[in-house]
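Okay, thanks for making time, everyone. Let me put the sequence and the structure up, and then I'll walk you through it.

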Amino acid sequence: MQLGMIGLGRMGGNIVRRLMRNGHTCVVYDTNSASVAQLASEGATPSQDMTSFISQLHKPRAVWVMLPAGAITEATVNTLSGLLEAGDTIIDGGNSNYQDDVRRATALAEKGIRYIDVGTSGGVWGLDRGYCMMIGGDKAAFDHLDPIFKTLAPGVGTIEKTPGREGRKSTAEDGYLYTGPAGSGHFVKMVHNGIEYGLMQAYGEGLDILKGVNQESIPAERRYDLNLADITELWRRGSVVSSWLLDLTAISLAEDPELASYSGYVEDSGEGRWTIQAAIEEAVPADVLTAALYTRFRSRKDHTFAEKVLSAMRKQFGGHKEPGKA
């Protein structure tokens, strides 16, 4: 199939590459002409502006927007709404607020333009591992674009089947899922990221405790000089706390045992805040997720080893860099 991609950053560019590797064709546009030229050299069709971008797509057109949530995505969707026609589809694969999806889908439907929101997880590893996708919006558009989503998804791979799921018809095992009406995909991804905050915080605090047991305030007979790189590698092998986040932590500690290259300044990209807002609206207690979010706020004033662990994980899975870091 053909897909148009607007936004060729860390994830947008690799989504295009994964699609082209598997026989799809892509038309690409970005305000950074160097990014466009690079993808063109790899086989994508380059565009110089939005008008030419639209003209290079076959009808019904499918345009994937992979830009930072907020004003730039809003402006791009608004521009596309004036250039596309009835039957075309806009896909927002970034981390937009699900309430924005509901509003956009309603406005676009009046023009006959279909809208899909895709919560996309996989970070900089998605090119080879695939992307886990939570997909909301127009069901007919989802069905039409299924070959795109199936290619981008990780697939069944070597993960063992879950007992009790025999006979169920679902794409979940392939790593992508239609979750329901507009906004539902980003809502599921929002909560996914809120959970991610809590998991990362638990690893960070646990490793900080392991590191701190060697300080002078601890009685000598209970003071241990523990190798955190080896311990995280150990936990990857059969432990009940094994996970991809632990894999990434083990990589970081193998590269830099003291995490000296990290300050511990930890950003939040919005989804954690929105998850807590949803919890408040639903009157659902979310103690762990809330505390994990507040810890990120505090990390910008005072840093601990636990926060260096969080920062290291963010760099590993998403290529996120601390302010001032090259």
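Quick one to start: is R273 buried, exposed or partly exposed? It's partly exposed, at a relative accessible area of 38%. Keep in mind that this is a predicted model. R273 makes a salt bridge with D268, with the closest N and O atoms 2.7 Å apart. D268, on the other hand, is buried, with a relative accessible area of 10%.

While we're on charges, salt bridges that share partners tie E74, D92, D100, D101, R103 and R104 into one network. Inside that, D100 and R103 meet at 3.1 Å, N to O. They're three residues apart in helix α5, residues 98-109, so about one helical turn separates them. D100 is partly exposed at 25% relative accessible area, and R103 is partly exposed too, at 41%.

Then there's R236 with D247, closest N and O atoms 2.7 Å apart. That pair links distant parts of the chain: R236 sits in the loop between α10 and α11, and D247 is eleven residues away in helix α11. The count for the model is 21 salt bridges.

Okay, on to the sheet. It's open, with eight strands in the order β3-β2-β1-β4-β5-β6-β7-β8, and the pairing is mixed. β3 and β8 are at the edges with a single partner strand each, so one side of each has no neighbour in the sheet. Over at the β3 end, β2 and β3 run parallel, joined by two bridges, and V27 has T45 as its bridge partner in β3. β1 and β2 are parallel as well, with five bridges, and M5 stands opposite V28 in β2. Four of the five residues of β2 are buried, so the rest of the structure largely encloses that strand.

What about the core? The largest nonpolar one has 29 residues, and M5, V28, W64 and F149 are among those touching the most other members. Helix α1, residues 10-21, gives the most to this core, with four residues. F149's contacts include W64, I116, M133 and Y176.

Last stop, and the one I'd like you to look at on screen: K189, in helix α9. Which side chain of opposite charge is nearest to K189? That's E271, 4.6 Å away; K189 is buried yet has no salt bridge, because the cut-off for one is 4 Å. Among the residues K189 does touch are N95, G119, T120 and M134.

That's my tour, thanks.

Definitions and conventions
Residues numbered from 1 in each chain as written. Predicted model: local features only at pLDDT ≥ 70, side-chain atom pairs only at ≥ 80, totals over all residues. Heavy atoms only, no water. Pairing = 2+ DSSP bridges. Buried < 20%, exposed > 50% of the residue type's maximum accessible area, 1.4 Å probe, protein only. Lys, Arg positive; Asp, Glu negative; His and termini not counted. Contact = heavy atoms within 4.5 Å. Core = buried A, V, L, I, M, F, W, Y, C linked by side-chain atoms within 4.5 Å. Lists of a residue's contacts leave out its neighbours within four places in sequence.
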